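Subject: Structure for you to look at

Dear colleague,

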Amino acid sequence: MTAPIPKNEKQRLKVLWQYSVLDTMAEEIFDDLSELAARIYEGRVAMITLVDEDRQWFKAKVGVSINETSRDISFCAHAITQPGLFIVPDATRDERFAKNPLVKSDPKVRFYAGAPLVSPDGYALGTLCVIDKVPRELRPEQKQALRILARHVVSQLELRRRSNELADARQEKAQIQKDLKQARGDLAKVRRELLQHKSKGARRSARRKRPTHK
């Protein structure tokens, strides 16, 4: 079953794209967070996913080699439509996923738990999720740990965005200073040309006024 589209989807995508993180290279901090999630839950797979317009893309991953999947078969696309954890104890017994190709064939998902990655302004960008090939349940402390790790992922995304904004601001400032320097140079050149023109005009006027001797 395909996940419903969030009511704020247009704005959600706009916010997601503002992070400029889709299709970027691996970054150690995100890899570490996904590795920690996998270790805490002793699961085979852990991922930091971002749900784009028609795909889910993995910023970091443990236990899988692919970089993205279609959104219409994504568990995470369901997770971002509701607040709090989204948990599927046994996908084969859940009518939303029993016929999902990710369940029927590799990686043969049975258990899924995803914590939405919610931006400071309230938009679910994706998830931190753990997956296993056997049905499972989570203990209360494991659920809380997943929530905490998801908040750390969002914090790192925010730091990354602010760093990029700062770099852009510095680049813009450098360009403004370059343009200002060029403008000052052009202005100085115009002033020199005006002074030269004025000087030539004064000399011509002086010659015209000079008395002639017979």
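Below is what was found in it, taken part by part.

Please keep in mind throughout that this is a predicted model.

I begin with helix α1, which spans residues 9–18 and in which E9, R12, L13, V15 and L16 are buried. These residues lie on the same side of α1, because they cover an arc of only 160° around the axis. The partners against which the buried residues of α1 pack are β1 (45–51) and β6 (124–132). Just after the helix comes S20, whose phi is positive, at about 50°.

The next part to look at is strand β5, residues 111–118, where seven of the eight residues are buried, so that the strand is mostly covered. β5 pairs with strand β4 (residues 86–88) in the antiparallel sense over three bridges, and in this pairing F86 has G114 of β5 as its bridge partner. β5 also pairs with β6, again in the antiparallel sense, over eight bridges, and here P116 is partnered by T127 of β6. The two strands β5 and β6 form a hairpin with five residues between them, and G122, which sits in the turn, has a positive phi of about 95°.

A residue that deserves a separate look is K59, which lies in strand β2 (residues 55–62). K59 has a relative accessible area of 4% and is therefore counted as buried, the cut-off being under 20%. What does the side chain of K59 reach at 2.6 Å? It reaches the backbone oxygen of M25, while a polar contact of 2.8 Å joins the side chains of K59 and T24. Beyond its close sequence neighbours, K59 touches several residues, including E27, F30, D31, I48 and L50.

Two of those, I48 and L50, lead on to the largest nonpolar core, which has 34 residues and in which I48, L50, L117, L125, L128 and V153 touch the most other members. At least two residues of this core come from each of α1, α2 (28–41), β1, β2, β5, β6 and α5 (140–209), and α5 gives the most, with seven residues. Leaving aside neighbours within four places in sequence, L117 is in contact with residues that include I48, L50, L125, L128 and V153. There is also a second, separate core of 19 residues, among them F97, V103, V109 and I131.

With best wishes

Terms used
Residues numbered from 1 in each chain as written. Predicted model: local features only at pLDDT ≥ 70, side-chain atom pairs only at ≥ 80, totals over all residues. Heavy atoms only, no water. Buried < 20%, exposed > 50% of the residue type's maximum accessible area, 1.4 Å probe, protein only. Helix = DSSP H or I, 4+ residues; strand = E, 2+ residues; numbered from the N terminus. Arc of directions from axis to C-beta. Contact = heavy atoms within 4.5 Å. Pairing = 2+ DSSP bridges. Polar contact = N/O pair within 3.5 Å; in protein donor to acceptor, adjacent residues only side chain to side chain. Core = buried A, V, L, I, M, F, W, Y, C linked by side-chain atoms within 4.5 Å.
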